[in-house]
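Thanks, everyone. Please have the sequence and the model open while I talk.

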Amino acid sequence: MSKTVVHVLRHGEVYNPDQILYGRLPGFRLSELGVQMAKAAAQGLAEREIEHVVASPLERAQQTAEPIAAQFGLPVGVDERLIESANWFEGKKVSPGDGSFRDPRNWWVLRDPVTPSWGEAYRVIAERMFAAVHAARVAAEGREAVLVSHQLPIWTLRRYVERKRLWHDPRKRQCGLASLTSFHFDGAKVAGIGYSEPAAHLIALSATARTAKGA
């Protein structure tokens with residue numbers, strides 16, 4: 001059986017001076033630090049056998065993919081299945097500790113943390129992400145692929161593959177900015193999952209990491 005690796009990369013830091021939950025909104029691009037993170041991710045993959053690069057259609061994901069694709073002389077494909085999850089709070093200022101979750105006007109949205117009621121169902125996220133990973137595995141069979149996506153979809157995918165419950169504490173996600181969650185395949189079967197942070201030296205400088213609002 002052929003051995004293939006599909007690396008799922010979270011995009012770098014986004015320029016978000018108003019600190020809103022930007023979700024799928026257009027116009028949110030990488031900050032200067034985020035551009036450095038994308039380059040660090042590319043450097044971290046320099047010795048790999050990458051032959052397929054695909055990203056979410058959102059600007060920040062496309063930007064993060066560009067230095068990797070350029071490094072290997074590849075185009076950046078687009079896969080809608082890698083997009084950020086839908087969220088009722090999109091466009092709003094909301095974070096743990098700011099009172100939004102205690103506001104009675106929001107309680108109906110927060111009524112079901114398992115599905116969840118405030119956004120796209122975890123099961124739907126997991127299944128679309130898993131389908132995107134398998135499509136990349138086929139495209140890069142015997143070598144390696146890079147998919148650029150977003151924190152919640154990547155973490156949901158990982159929990160799905162590990163057969164863990166999909167609802168979780170977002171504060172405990174292992175999915176830093178410009179991090180790589182790597183799925184190792186033997187044939188069509190996942191044989192292992194790796195995790196690395198090629199931009200770890202930059203994350204300490206990131207306002208997104210400190211406020212945990214990046215997506």
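Alanine 55 has valine 148 as its bridge partner in β4.

Some conventions. This is a predicted model, where local features need pLDDT of at least 70 and side-chain atom pairs count only at pLDDT 80 or more, while totals for chains, interfaces and linings use all residues. Residues are numbered from 1 along each chain as its sequence is written, and side-chain values use heavy atoms, with hydrogens and water left out. Helices (H or I, at least four residues) and strands (E, at least two) are DSSP runs, numbered from the N terminus. Two strands pair if DSSP finds at least two bridges between them.

Now the whole sheet. It is open, with six strands in the order β3-β2-β4-β1-β5-β6 and mixed pairing. β3 (77-78) and β6 (189-196) are at the edges with a single partner strand each, so one side of each has no neighbour in the sheet.

Next, the helices. How do α3 and α4 cross? The axes of α3, residues 122-139, and α4, residues 151-161, come within 8 Å and cross at roughly 85°. The axes are lines fitted to C-alpha atoms, for helices over the stretch in contact, and angles run from 0 to 180 degrees between N-to-C directions. The two helices are therefore roughly perpendicular to each other (65 to 115 degrees; under 35 is roughly parallel, over 145 roughly antiparallel, the rest oblique). Contact means heavy atoms within 4.5 Å. Among the residues making it are Tyr122, Ile125, Met129 and Phe130 of α3, and Leu152, Ile154, Leu157 and Tyr160 of α4. By class, this contact has 12 nonpolar, one polar and three charged residues. Here Ala, Val, Leu, Ile, Met, Phe, Trp, Tyr, Cys and Pro count as nonpolar, Asp, Glu, Lys and Arg as charged, and the others, Gly among them, as polar.

α4 is mostly covered, with 10 of its 11 residues buried. Buried means under 20% relative accessible area, exposed over 50%, and partly exposed in between, with a 1.4 Å probe and protein chains only. Those buried residues pack against β1 (3-10), α3, β4, β5 (180-186) and β6. Just after α4, arginine 163 takes a positive phi of about 60°. Arginine 163 is in the loop between α4 and β5, and at 79% relative accessibility it counts as exposed.

Is serine 206 buried or exposed? Serine 206 is buried, at a relative accessible area of 0%, and sits in the loop between α5 (200-203) and α6 (207-211). Its side chain makes a polar contact with the side chain of glutamate 13 at 2.8 Å. A polar contact is a pair of N or O atoms within 3.5 Å; within protein, one must be able to donate a hydrogen and the other to accept it, and residues adjacent in sequence count only if both atoms are side-chain atoms.

Glycine 23 lies in the loop between β1 and α1 (32-44). Glycine 23 is also buried, at 3% relative accessible area. Not counting residues up to four places away in sequence, glycine 23 touches Leu58, Arg60, Glu84 and Glu90.
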